[in-house]
Amino acid sequence: MKFKALLFMCLGILVTTSAHTQDMTDDEIKSRIQPVGQVHVAGAVEETASSGPRSGADIYNKSCVACHSVGVLGAPKLQNAGDWSPRLEKGFDQVWKNAINGIGGMPPKGTCGDCSDDELKAAIEHMIEGI
């Protein structure tokens, strides 16, 4: 008797589950099984819609402020002549190349992987403005 009850209960669960699966549309199924994240392959060119060049202040506020506002790992602080002067003695172009290629604890392009070289230049100009 217990075996029959267990068998009917399992059969009922199976029927309910299969009926639920059949009620789902193809779009619902695709949305349930889509990947959680995306893969980025180093060196692959990603096509993104460009809204035009961003200002140095925009780049700084989006990507640079975390380190350059407080000097994380020796990062020169915003508009601080004492921090920037030794770097600028080597020339602005060297500072710009370091921002593009990375230096010390700063990775290439800092945390702005989608910045153009000109946008990085504008961010540096913003950070040294008034020095």
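Biologist: How many salt bridges does a search of the whole structure find?

Modeller: Heads-up: this is a predicted model, where local features need pLDDT of at least 70, side-chain atom pairs count only at pLDDT 80 or more, and totals for chains, interfaces and linings use all residues. Residues are numbered from 1 along each chain as its sequence is written, and side-chain values use heavy atoms, with hydrogens and water left out. A salt bridge here is a side-chain nitrogen of Lys or Arg within 4 Å of a carboxyl oxygen of Asp or Glu. By that rule, the search of the whole structure turns up four.

Biologist: How many residues apart in sequence are the parts that D114 and R54 tie together?

Modeller: D114 and R54 make a salt bridge, with their closest N and O atoms 3.6 Å apart. D114 sits in the loop between α5 (92-101) and α6 (117-127), while R54 sits in the loop between α2 (26-33) and α3 (56-68), so the parts they tie together are apart in sequence by 60 residues.

Biologist: And where does K62, another partner of D114, lie?

Modeller: K62 forms a salt bridge with D114, and the closest N and O atoms are 3.5 Å apart. D114 is in the loop between α5 and α6, so this pair ties together parts 52 residues apart in sequence, and K62 itself lies in helix α3.

Biologist: Which cysteine forms a disulfide with C112?

Modeller: A disulfide is a pair of cysteine sulfur atoms within 2.5 Å, and the count comes to one. The link is right-handed, with 75° about the S-S bond. C112 has its sulfur 1.7 Å from that of C115.

Biologist: Why is C64 too far for a bond?

Modeller: C64 counts as buried, at 12% relative accessibility. The closest cysteine sulfur belongs to C112, and it is too far for a bond because the distance is 6.8 Å.

Notes. Buried < 20%, exposed > 50% of the residue type's maximum accessible area, 1.4 Å probe, protein only. Helix = DSSP H or I, 4+ residues; strand = E, 2+ residues; numbered from the N terminus.
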